[in-house]
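User: I'd like a close look at one part of this model, the spot where the ligand sits. Could you walk me through it in plain terms?

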Amino acid sequence: MITLKDFEIHKAYLPPAAQAAMVEDLREVARAAPFFAPLTPWGKPMSVRMTSAGRYGWITGRGGYRYEPRHPDGQPWPPIPEAVLVVWRDLVSATRAPDCCLVNFYGEKARMGLHRDADEADFGWPVLSISLGDPGLFRVGGLERGDPTASVLLESGDVVVMAGPARRAYHGIDRIRFGASRLLPGGGRINLTLRVVD
Ligand code: SIN
Ligand code: FE2
């Protein structure tokens, strides 16, 4: 059975100054690749806003969940910021870079339903997640949707590595504590997920 212990949670991995610098890097990403409001494959709007950096971006819509080499506006995605790659090199791999850095923005009412990250070719590569801004209640389950779940609060600067059995486990964000962090002036939470795609 998969439990919270299978998720490698690095509390306060990024000190406050590094968090603030990373937010500035992400502003640059969002200038080149503006946040958009995604639709599920069933046409339902998701509550997060989304963009990406890297060789691929993760996209959803009527065409299903997929990776695309271009932003919906037709431009290639901007490069993954160096400070983000440094975290990946430290915790995942010094030799293989991630292909995609998905950037999710959670506003006051945003959440992310339980799901598995399953659009990648090789589940041997971990998923790395970086949390910035308001705390989010992260729920983790097992390999089946009905498995028992547990939750943990992810705060600004926390980094999670989903590797081994956790790589294929259900997970999601129940809600955020809007306005509890001062990192983003308007409130909200940013989560980055880094993945090897193909
Ligand atoms: C996700 O799994 O897509 C996001 C997780 C998070 O926001 O912490
Ligand atoms: Fe995910």
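How many nonpolar, polar and charged residues does the shell around ligand 1 have?

Analyst: Before the details, keep in mind that this is a predicted model. By class, the shell around ligand 1 splits into 3 nonpolar, 4 polar and 1 charged residues.

The residues around ligand 1 are Asn104, Tyr106, Met112, His115, His171, Ile173, Arg189 and Asn191. Arg counts as charged, and Arg189 is in that shell. Tyr, Met and Ile count as nonpolar, and the shell has Tyr106, Met112 and Ile173.

Where do these residues come from? Four strands each supply at least two residues of the shell: E5 (100-106), E6 (112-115), E11 (171-176) and E12 (189-195).

Now for the polar side of things. For Arg189, an N or O atom in the side chain is 2.8 Å from an oxygen atom of the ligand. His171 has a polar side-chain atom that lies 2.9 Å from an oxygen atom of ligand 1. With His115, an N or O atom of the side chain and an oxygen atom of ligand 1 are 3.2 Å apart.

Ser52 is in strand E2 (residues 49-54), and it counts as buried because its relative accessibility is 0%, with the cut-off for buried being under 20%. A polar atom of the Ser52 side chain lies 3.2 Å from the backbone nitrogen of Trp58.

Thr60 is in the loop between strand E3 (57-59) and strand E4 (66-68). With a relative accessible area of 8%, Thr60 is buried, and its side chain reaches the backbone oxygen of Leu39 at 2.7 Å.

Leu14 is in a loop as well, between strand E1 (8-10) and helix H1 (16-32). Leu14 counts as buried because its relative accessibility is 8%. If you want a sense of distance, Leu14 and Val140 are 126 residues apart in sequence, and their C-alpha atoms are 22 Å apart in space.

Methods. Residues numbered from 1 in each chain as written. Chains lettered and ligands numbered in written order. Predicted model: local features only at pLDDT ≥ 70, side-chain atom pairs only at ≥ 80, totals over all residues. Heavy atoms only, no water. Near = heavy atom within 4 Å. Polar contact = N/O pair within 3.5 Å; in protein donor to acceptor, adjacent residues only side chain to side chain. Buried < 20%, exposed > 50% of the residue type's maximum accessible area, 1.4 Å probe, protein only.
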